[in-house]
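Me: I would like to learn how to read the strands and helices of a structure. Please go through it with me step by step.

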Amino acid sequence: MLKKHSGIPFNGTPEQKAKLDAVIAENRHDKSRLMAVMQEAQAIYGYLPLEVQNAIAEGMDIPLEKVYGVSTFYAQFSLSPKGGYHISVCLGTACYVKGSGQIYDKLQEVLGIGGDECTPDRRFSLSACRCIGACGLAPVLTVNEEVYGRLTADDVAGIIEKYKD
């Protein structure tokens, strides 16, 4: 069953649709170009909402289930928008045993969103990752490219406050 991964309504622009339509038209006769089309679509929209996946499926005459399957199999694709500040919490072994699960839970509580979701104002998005290679700083999270380490759940509110402007 296909499901929407974002509580944020899709609001693509006519310009984005025209770009996507051009990409699909250029590739519609070569089904092996599906991933390339999906990559370009994500570059246009920033993510692959169900509406965009459906346009790709229809335009390339590929079942929607296949497009959805590719989009959920490969980590490079996102089904929900990313916020201006994307927070990623490492749940790899070193971080997890030092409490990153509690940090992730606290972020969901403070932001009012679940994992792989975006706040309604698109200011913050949240995801988990498996390892960012900073095990010596465990537990670790990143906000865009900024790394925060040796954290506890009590540090979450202060980190979020820095990005609220």
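**Reading the sheet and a helix pair**

Reply: The model holds an open sheet of five strands in the order 2-3-1-4-5, with mixed pairing. Strand 2 and strand 5 (146-148) stand at the edges with a single partner strand each, so one side of each has no neighbour in the sheet. The model is predicted: local features need pLDDT of at least 70 and side-chain atom pairs pLDDT 80 or more, while totals for chains, interfaces and linings use all residues. Residues are numbered from 1 along each chain as its sequence is written, and side-chain values use heavy atoms, leaving out hydrogens and water.

Me: What counts as a strand, and when do two strands pair?

Reply: Strands (E, at least two residues) and helices (H or I, at least four) are DSSP runs, numbered from the N terminus. Two strands pair if DSSP finds at least two bridges between them. Strands of a sheet pair through backbone hydrogen bonds, either parallel or antiparallel.

Me: How many bridges join strand 1 to strand 3, and how many join strand 1 to strand 4?

Reply: Strand 1 (residues 85-90) runs parallel to strand 3 (residues 124-129), with six bridges between them. Tyrosine 85 is opposite phenylalanine 124, and histidine 86 has serine 125 as its bridge partner. With strand 4 (residues 141-143), strand 1 is antiparallel and has three bridges; here valine 89 faces leucine 141.

Me: In which sense do strand 2 and strand 3 pair?

Reply: Strand 2 (residues 117-118) pairs with strand 3 in the antiparallel sense, over two bridges. Cysteine 118 stands opposite serine 125. The hairpin of these strands has five residues between them, and arginine 122 in the hairpin takes a positive phi near 60°.

Me: Is strand 3 largely enclosed or open?

Reply: Buried means under 20% relative accessible area, exposed over 50%, and partly exposed in between (1.4 Å probe, protein chains only). Five of the six residues of strand 3 are buried, so the rest of the structure largely encloses this strand. Strand 1 is mostly covered, with five of its six residues buried.

Me: How do the axes of helix 1 and helix 3 cross?

Reply: Axes are lines fitted to C-alpha atoms, for helices over the stretch in contact, and angles run from 0 to 180 degrees between N-to-C directions. The axes of helix 1 (residues 14-27) and helix 3 (residues 50-60) come within 9 Å and cross at roughly 30°. That makes the two helices roughly parallel (angles under 35 degrees; over 145 is roughly antiparallel, 65 to 115 roughly perpendicular, the rest oblique).

Me: Which residues does isoleucine 24 contact, leaving aside its neighbours within four places in sequence?

Reply: Contact means heavy atoms within 4.5 Å. Isoleucine 24, in helix 1, is in contact with Val37, Ala55, Ile56, Gly59 and Met60. Isoleucine 24 is buried, with a relative accessible area of 3%.
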